[in-house]
Amino acid sequence: MTAAYRLDAPAMEVAQVLGCYAAGDPWPGGEVVPGGYAPVMIADREKGRHLVPRMWGVPPPRGDYLVPFARNLDSPFWVGVLRHTGFRCIVPMTAIRRARDWWIPPGNAISACAGIWRDSEIPSFAILTTGAAEGQPGGLPIALGPRACETWLRADIREARALVEAAPTAFLAP
């Protein structure tokens with residue numbers, strides 16, 4: 001079964017929950033699979049925190065596949081973008097499917113998960129995951145509360161890595 005996640009809320013609602021601007025994002029809500037587009041929240045000096053559409057799954061330098069999850073942050077593929085706060089993003093979701101099961105946060109709320117985006121040929125992103133969790137060999141998304149979102153988007157690499165390393169192996173609502 002392919003990886004997928006759901007964001008069952010339109011962009012305006014997502015922006016309200018995350019405390020950012022929708023910036024004209026037309027997202028109506030629904031399921032996202034690798035290669036599909038969905039909104040992620042980024043922060044920059046000019047526009048502040050806002051939603052932008054990005055493709056889920058980062059194309060590697062060589063190969064005909066997409067990398068939807070980032071688990072090994074020591075990999076040369078990720079370490080460069082992790083150092084720069086401008087390439088960190090928040091991935092909103094209401095559920096995620098790994099293997100055969102859907103993991104849904106308590107209250108079916110919009111969760112904010114840590115992500116990294118890249119601007120190669122196609123603006124794309126990957127979701128950061130924990131180590132292996134029970135029944136989830138690839139781990140689960142790193143869900144962030146409001147303070148952790150701010151840390152993830154703006155902190156130096158040491159604080160960002162500490163946040164990732166301290167993440168629980170359960171999918172939690174913010």
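**Cysteines and charged pairs**

Guide: C113 counts as buried, with a relative accessibility of 0%. Buried here means under 20% relative accessible area, exposed means over 50%, and partly exposed lies in between, all with a 1.4 Å probe and protein chains only. The model is predicted, so local features need pLDDT of at least 70 and side-chain atom pairs count only at pLDDT 80 or more, while totals for chains, interfaces and linings use all residues. Residues are numbered from 1 along each chain as its sequence is written, and side-chain values use heavy atoms, with hydrogens and water left out.

The cysteines come next. A disulfide is a covalent bond between the sulfur atoms of two cysteines; the cut-off used is a pair of cysteine sulfur atoms within 2.5 Å. The structure holds 0 disulfides. For C20, the closest cysteine sulfur is that of C149, 9.9 Å away, which is too far for a bond. C20 is buried as well, at a relative accessible area of 13%. C113 is likewise in no disulfide, and its nearest cysteine sulfur, again in C149, lies 8.7 Å away.

Charged pairs are another matter. Side chains of opposite charge can pair when their charged atoms come close. A salt bridge is counted when a side-chain nitrogen of Lys or Arg is within 4 Å of a carboxyl oxygen of Asp or Glu, and the structure holds 7 of them. One joins R49 and E150, whose closest N and O atoms are 2.7 Å apart. R49 lies in strand 4 (residues 48–56) and E150 in helix 3 (residues 146–154), so this pair ties together parts that are 101 residues apart in sequence. Helices (H or I, at least four residues) and strands (E, at least two) are DSSP runs numbered from the N terminus. E150 is partly exposed, with a relative accessible area of 31%.

E150 also forms a salt bridge with R154, with the closest N and O atoms 2.9 Å apart. These two are 4 residues apart in helix 3, so about one helical turn separates them. R154 is partly exposed at 45% relative accessibility. Elsewhere, salt bridges with shared partners join R6, D8 and E31 into one network.

A further salt bridge pairs D74 with R161, the closest N and O atoms being 2.9 Å apart. D74 sits in the loop between strand 5 (69–70) and helix 2 (76–83), while R161 is in helix 4 (residues 157–165), so the pair links distant parts of the chain, 87 residues apart. D74 counts as exposed, at 56% relative accessibility.
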